[in-house]
Amino acid sequence: MVVISDILVQGIQMLLVLLLAPLLTGFVRKIKARMVRRQGPSVFQPYRDLLRLLRKEVVLADNASWLFRVTPYVTFAAIWVAAALVPTFATGLLFNWTADLIAIVALLGSARFFLALAGMDVGTSFGGIGSSREVMIAALAEPAMLLIFFCMALVAGSTQLSTVANFMGSSGVGLRVSLGMAVIALIMVALAENARIPVDNPATHLELTMVHEAMVLEYSGRHLAMIEFGAFLKLLLYISLIACVFFPWKIALFGTGPLAYAVGAGVYIVKLAVAGFLLALFETATAKMRVFRVPQFLGAALMLGLLGTLLLFVSRSL
């Protein structure tokens, strides 16, 4: 019975992130529309878009290889696994022992690698431009993310997310300048990794300014649905990661019972709503920067992560 209950709770978490990811994107779009005094689409519109794409026929280029066909499923699976490993409403679940910070970076890097290759596979100019820009962003975002995770691991003494969340929720953390630098850097990396303003505009279709959209222009039907679903999950993943590590309030401990799990799930949904509102507010008040300024933006995140890590080393040596 214990094993069955563990599998059940872990399955609920995996389904929870799968169901909430399109809702979060729809909520952000709705808030952005209301802030500019437009009615905007329903918060459930992403679900309808996914169902519509799943019903459509896939159109493939004549020179598309097996890599082009496999990439949507590989990227979706990698991002879903990474999102499901992040503790949302409870820590210490069945698969949380695999929820290592370095493993999450590896899963996201694998998804990006396949997507960049697929963008260049057909040989279109826009796909090549999008892939090159994506790799340029990744070359700065991934080192910054690793430094941020090293900073958190030095504070908590582990790279295992459940251990980090439990430590951050304890009274022994206190106020640390290094953690403040880490959370700012992680937010900057999250904006870049999810192709959000100011790095990219998720609503644009101008070929010369697109990054993520340029790589997936040749996809259609269920392939495009998988890629869009993966993008929804990726946004949820980063918000869950920030909430889990830096705001681990009311995250239930393993084995505390259904009531604690229900309270943790409710608080988790509130955290997603607050983060979605703040993201919509930030994107409404901020303009997109030029592509050539993106390295400076991510370079600042890299330096913040490095300074936070160095501060921890210096404080420990003293």
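Where is the place of Lys250 in this structure? Lys250 sits in the loop between α9 (221–246) and α10, and we will come back to this residue once the overall layout is clear.

Before going further, a word on what you are looking at: this is a predicted model, in which local features need pLDDT of at least 70 and side-chain atom pairs count only at pLDDT 80 or more, while totals for chains, interfaces and linings use all residues. Residues are numbered from 1 along each chain as its sequence is written, and side-chain values use heavy atoms, with hydrogens and water left out.

Let us start with the fold. The protein has eleven helices and zero strands; here helices (H or I, at least four residues) and strands (E, at least two) are DSSP runs, numbered from the N terminus. Along its principal axes, the C-alpha trace spans about 60 × 50 × 45 Å. For 318 residues, a compact globule would have a radius of gyration near 20 Å, and the protein agrees with its 20 Å. That radius is taken over C-alpha atoms, and the globule rule is 2.2 Å times the number of residues to the power 0.38.

Now for the way the chain packs. Of the 318 residues, 50% count as buried. Buried means under 20% relative accessible area, exposed means over 50%, and partly exposed lies in between (1.4 Å probe, protein chains only). Take the contacts (heavy atoms within 4.5 Å) between residues at least 6 apart in sequence: 81% of them join residues at least 24 apart.

A pair of aromatic rings is described by the distance of the centres and the angle of the planes. Rings of Phe, Tyr and Trp (its six-membered ring) pair if their centres lie within 6.5 Å; planes under 30 degrees apart count as stacked, over 60 as edge-to-face and the rest as tilted. The structure holds seven aromatic pairs. In one of them, the ring centres of Phe89 and Tyr261 are 5.9 Å apart and the planes are at 75°, so the pair is edge-to-face. Because Phe89 lies in the loop between α3 (66–85) and α4 (101–121) and Tyr261 in helix α10 (residues 258–285), the pair ties together parts that are 172 residues apart in sequence. Phe89 is buried at 4% relative accessibility, and Tyr261 is buried too, at 12%.

Phe113 and Phe114 also form an edge-to-face pair, 5.8 Å centre to centre with 80° between the planes. Phe114 counts as partly exposed, at 24% relative accessibility. Elsewhere, ring pairs link Phe76, Trp80 and Phe229 into a cluster.

Finally, the loops hold some backbone details to look for. Back at Lys250, phi is near 65°, a positive value in a residue other than glycine, and the residue is exposed, with a relative accessible area of 59%. Arg37, in the loop between α1 (2–35) and α2 (45–55), also has a positive phi near 65° and is exposed at 81% relative accessibility. The peptide bond from Ile197 to Pro198 is cis, with omega near 15°; Pro198 is in the loop between α7 (177–193) and α8 (212–215).
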